[in-house]
Amino acid sequence: MYYIYFNYNFTIHCFSYNFLNVKSTHKRSPLWYLLYNMRLVGKNWNIFRYLADFSHLTSILILLYKMISQRTCAGISYKTQLLYLIVFICRYYDGIFDPPLYNIVFKLFYICTSGIFVFLMQTRLKRTYNKKHDSFNIYILIIISSLLGFFTSKYREISEILWTFSLWLESVAI
């Protein structure tokens, strides 16, 4: 019999008194070991992170379906999509192929779909894009986020600065 509980940061823990003959609450279920050994999940299986990632995936797929099926990008901000492309490229600059496989797939998916949105809005759906409603100057956001990213990063390494920049930029990209 397996018992499931959440710890203080809502990480799922599964344990059994008979599993591996160890009485520890940090032992996982056989399913977790299978997924972890296949590098599909990480050490901390946080249910809220997975739910957030899959809701983000769903929203991206809905937006992509809407753009392709209706052949319009009316109501969608090109500048926001461009900012998100910059955010994802900077955030995953150095660790795009770090395991687990779940992270690799989602990182590539976010970068590719953001690129597809930007591409579609600049080529095939350009005639349906209303530029006058998307008039905010994004260079201000990029410059301020760059400065904040540089001065608030923990270390003066390019990967850390880009990651901090991506956090600042994402907070204002919406």
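This is a dialogue on how to read some features of a predicted model.

Me: What should I know before I start?
Reply: The model is predicted, with residues numbered from 1 along each chain as its sequence is written, and side-chain values use heavy atoms, leaving out hydrogens and water. Local features need pLDDT of at least 70 and side-chain atom pairs count only at pLDDT 80 or more, while totals for chains, interfaces and linings use all residues.

Me: How many helices and strands does the protein chain have?
Reply: Helices (H or I, at least four residues) and strands (E, at least two) are DSSP runs, numbered from the N terminus. The protein chain here has 6 helices and 2 strands. Along the sequence they follow the pattern β-β-α-α-α-α-α-α.

Me: What share of the residues in the protein chain is buried?
Reply: Buried means under 20% relative accessible area, exposed means over 50%, and partly exposed lies in between (1.4 Å probe, protein chains only). Of the 174 residues in the protein chain, 39% are buried.

Me: And what share of contacts joins residues 24 or more positions apart?
Reply: Contact means heavy atoms within 4.5 Å. Among contacts in the protein chain with a separation of 6 or more, 55% are between residues 24 or more positions apart.

Me: Which residues of the largest nonpolar core touch the most other members?
Reply: A nonpolar core is a set of buried Ala, Val, Leu, Ile, Met, Phe, Trp, Tyr and Cys residues joined through side-chain atoms within 4.5 Å. The largest one has 32 residues, and Met67, Phe88 and Met121 touch the most other members. Helices α2 (47-70), α3, α4, α5 and α6 each supply at least two residues of this core. The most comes from α4, with 8 residues. As for methionine 67, its contacts beyond four places in sequence include Phe117, Leu120, Met121 and Leu125.

Me: How do I check the length of a helix such as α5?
Reply: The expected span of a helix is 1.5 Å times one less than its number of residues. Helix α5 (residues 138-152) has 15 residues and should span 21 Å; its end C-alpha atoms are 21 Å apart, which agrees. For α6, 16 residues should span 22 Å, and the end C-alpha atoms are 21 Å apart, which also agrees.

Me: Which residues of α5 are buried?
Reply: They are Ile138, Leu141, Ser145 and Gly149. Seen down the axis of α5, these buried residues fall within an arc of 60° (taken from the directions from the helix axis to the C-beta atoms), so they line one face of the helix. On the other side, Tyr139, Ile143 and Phe151 are exposed.

Me: What do the buried residues of α5 pack against?
Reply: They pack against α3 (78-91) and α6 (158-173). The buried residues of α6, including Ile161, Leu162 and Phe165, pack against α3 and α5.

Me: Which residue caps the N-terminal end of α5?
Reply: Start with the polar contact, a pair of N or O atoms within 3.5 Å; within protein, one must be able to donate a hydrogen and the other to accept it, and residues adjacent in sequence count only if both atoms are side-chain atoms. Asparagine 137 is the cap: one of its side-chain oxygens lies 3.2 Å from the backbone nitrogen of tyrosine 139.

Me: Where is serine 114 found, and is it buried or exposed?
Reply: Serine 114 is in helix α4 (residues 101-122). With a relative accessible area of 4%, serine 114 is buried. A polar atom of its side chain lies 2.9 Å from the backbone oxygen of tyrosine 110. Not counting residues up to four places away in sequence, serine 114 touches Tyr84, Leu85 and Phe88.

Me: How many aromatic pairs does the structure hold?
Reply: Rings of Phe, Tyr and Trp (its six-membered ring) pair if their centres lie within 6.5 Å; planes under 30 degrees apart count as stacked, over 60 as edge-to-face and the rest as tilted. The structure holds 8 such pairs. In one of them, phenylalanine 54 and phenylalanine 106 are edge-to-face, 5.3 Å centre to centre with 85° between the planes. This pair links helix α2 to helix α4, its two residues being 52 residues apart. Phenylalanine 54 is partly exposed at 41% relative accessible area, whereas phenylalanine 106 is buried at 9%. Ring pairs also link Phe54, Tyr84, Phe88, Tyr92, Phe106, Phe109 and Tyr110 into a cluster.

Me: Which phi does arginine 71 have?
Reply: Arginine 71 has a positive phi of about 50° although it is not a glycine. Arginine 71 sits in the loop between α2 and α3 and is exposed, with a relative accessible area of 60%.
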